[in-house]
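Hello,

Here is the structure we talked about, with some notes to read beside it.

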Amino acid sequence: MQAIGNLGSAFSTLAAPIQQLSTEMQRAAGRADDLRDGLNGAFRDSAPAVASLIEQIGTAQGVLNDNELAAAAKTLQNLGTFSEESLRKVADVAAATGKNVDGLAEAFGRCEKFGDAKSILGLQKAIGASGQELRAFGAALDENGKLLVDTTARVDAARDALQRFTDTKFAGALAAVSD
């Protein structure tokens, strides 16, 4: 009889943690639904796939917030530059620098979409790349160490230098920070 009492006591002890786990799982499911709903306007039929990508990048890594990543994904989509690669790049830079994910998405998206001097300088500032760092990747600088973007060739060189710089300095940063 005492064994039955002990078993009842064990079940009572487990009931609260099981209830708490159930509540947390319901909240997580609600957040996932909210994330998908929030992405529907920008991504339509691909919203569930984008939401899964955001959950994979953010939640699995535990470094970036899903809502921040969703805002960044929408910014990239609105600029016509969204891809899994572009979102992962923005996430890597954000994890490495601690800068706002959506602000970085804006800078990367504008640079990719327009590729002009203004967007290149904006991206340089957003990621904190010095002229000297970009020179090492082929960008031209003036006598004061500022990025030269006054000709098509220099704009192309600066854009390529920014690409190589971000790929070299920030690739895999999110995974490294989350380990």
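A residue counts as buried under 20% relative accessible area, as exposed over 50%, and as partly exposed in between (1.4 Å probe, protein chains only). With 22% relative accessible area, Phe82 is therefore partly exposed, while Phe43, at 6%, is buried.

Before you go on: this is a predicted model, where local features need pLDDT of at least 70 and side-chain atom pairs count only at pLDDT 80 or more, while totals for chains, interfaces and linings use all residues. Residues are numbered from 1 along each chain as its sequence is written, and side-chain values use heavy atoms, leaving out hydrogens and water.

How many aromatic pairs does the structure hold? There are 3. Rings of Phe, Tyr and Trp (its six-membered ring) pair if their centres lie within 6.5 Å; planes under 30 degrees apart are stacked, over 60 edge-to-face and the rest tilted.

Phe43 sits in helix 1 (residues 2-43) and Phe82 in the loop between helix 3 (66-78) and helix 4, so their pair ties together parts 39 residues apart in sequence. Helices here are DSSP runs (H or I, at least four residues), numbered from the N terminus.

Phe165 and Phe170 have ring centres 5.8 Å apart and planes at 85 degrees, so this pair is edge-to-face. Both Phe165 and Phe170 are buried, and together with Phe137 they form one aromatic cluster.

Enjoy exploring!

Terms used. Helix = DSSP H or I, 4+ residues; strand = E, 2+ residues; numbered from the N terminus.
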